Amino acid sequence: MSSSQYRSTGSSTKSGVCKGKLGPFRRCYCGEEAPCTISWSEKNPSRRYYGCKYWPDENEECGYFDWYDDETSDWYKKHLNDLKPKRKKPVEKENPNLVVLVRVMLGLIVLLAVMVGILLLLVSKG
């Protein structure tokens, strides 16, 4: 389900806002609290919105979402995005097949050393 399929009031009106212990919220379609949250996406940095706890879960029926703020200028978005810390590239994990192969080879070397030791013991006694 795409984001355009979610129901939304489509307005940036600030009416209907409730004050809760954890901050402002609205009642969404399913009756739950839809808290005011801040977006830090590339497209909408620092833009506030109300969203149901089930949004954007495609398995739930509510899907309440409404922007609190109007969209900001491209200049403002660019500068906010420049100020955000850059994400580090994920460290590449070792090849699991190579790790298993090395462990098997080490195990075979240890087994060979034990067998040679036993063979030497038998030859020296006999």
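Read along the sequence, the chain runs β-β-β-β-β-α-α, which comes to two helices and five strands. Helices (H or I, at least four residues) and strands (E, at least two) are DSSP runs, numbered from the N terminus.

Some ground rules first. This is a predicted model, in which local features need pLDDT of at least 70, side-chain atom pairs count only at pLDDT 80 or more, and totals for chains, interfaces and linings use all residues. Residues are numbered from 1 along each chain as its sequence is written, and side-chain values use heavy atoms, with hydrogens and water left out.

**Confidence**

pLDDT is the predictor's confidence in each residue, from 0 to 100. Its mean for the chain is 77, and 72% of the residues reach 70 or more.

| Region | pLDDT |
|---|---|
| Strand β1 (residues 18-20) | mean of 65, the lowest |
| Helix α2 (residues 96-125) | mean of 90, the highest |
| Residues 1-14 | under 50 throughout |

For residues 1-14 the model still has 31 contacts (heavy atoms within 4.5 Å) beyond four places in sequence.

**Packing and surface**

Among contacts in the chain between residues at least 6 apart in sequence, 41% join residues at least 24 apart. Of the 126 residues, 18% are buried; buried means under 20% relative accessible area, exposed over 50%, and partly exposed in between (1.4 Å probe, protein chains only). The accessible surface of the chain comes to about 10,400 Å², with 61% of it belonging to carbon and sulfur atoms. Such areas come from the Shrake-Rupley method with a 1.4 Å probe; for residues, only the protein chains shown count as cover.

Leu-106 sits in helix α2 and is exposed, with a relative accessible area of 51%.

**Aromatic pairs**

Rings of Phe, Tyr and Trp (its six-membered ring) pair if their centres lie within 6.5 Å; planes under 30 degrees apart count as stacked, over 60 as edge-to-face and the rest as tilted. By this rule there are five aromatic pairs. In one of them, the ring centres of Tyr-50 and Tyr-68 are 5.9 Å apart with their planes at 70°, so the pair is edge-to-face. This pair links distant parts of the chain: Tyr-50 belongs to strand β4 (residues 47-51), while Tyr-68 lies 18 residues away in the loop between β5 (65-67) and α1 (74-83). Tyr-50 and Tyr-68 are both buried. Elsewhere, Tyr-49, Phe-65 and Trp-67 form one aromatic cluster.
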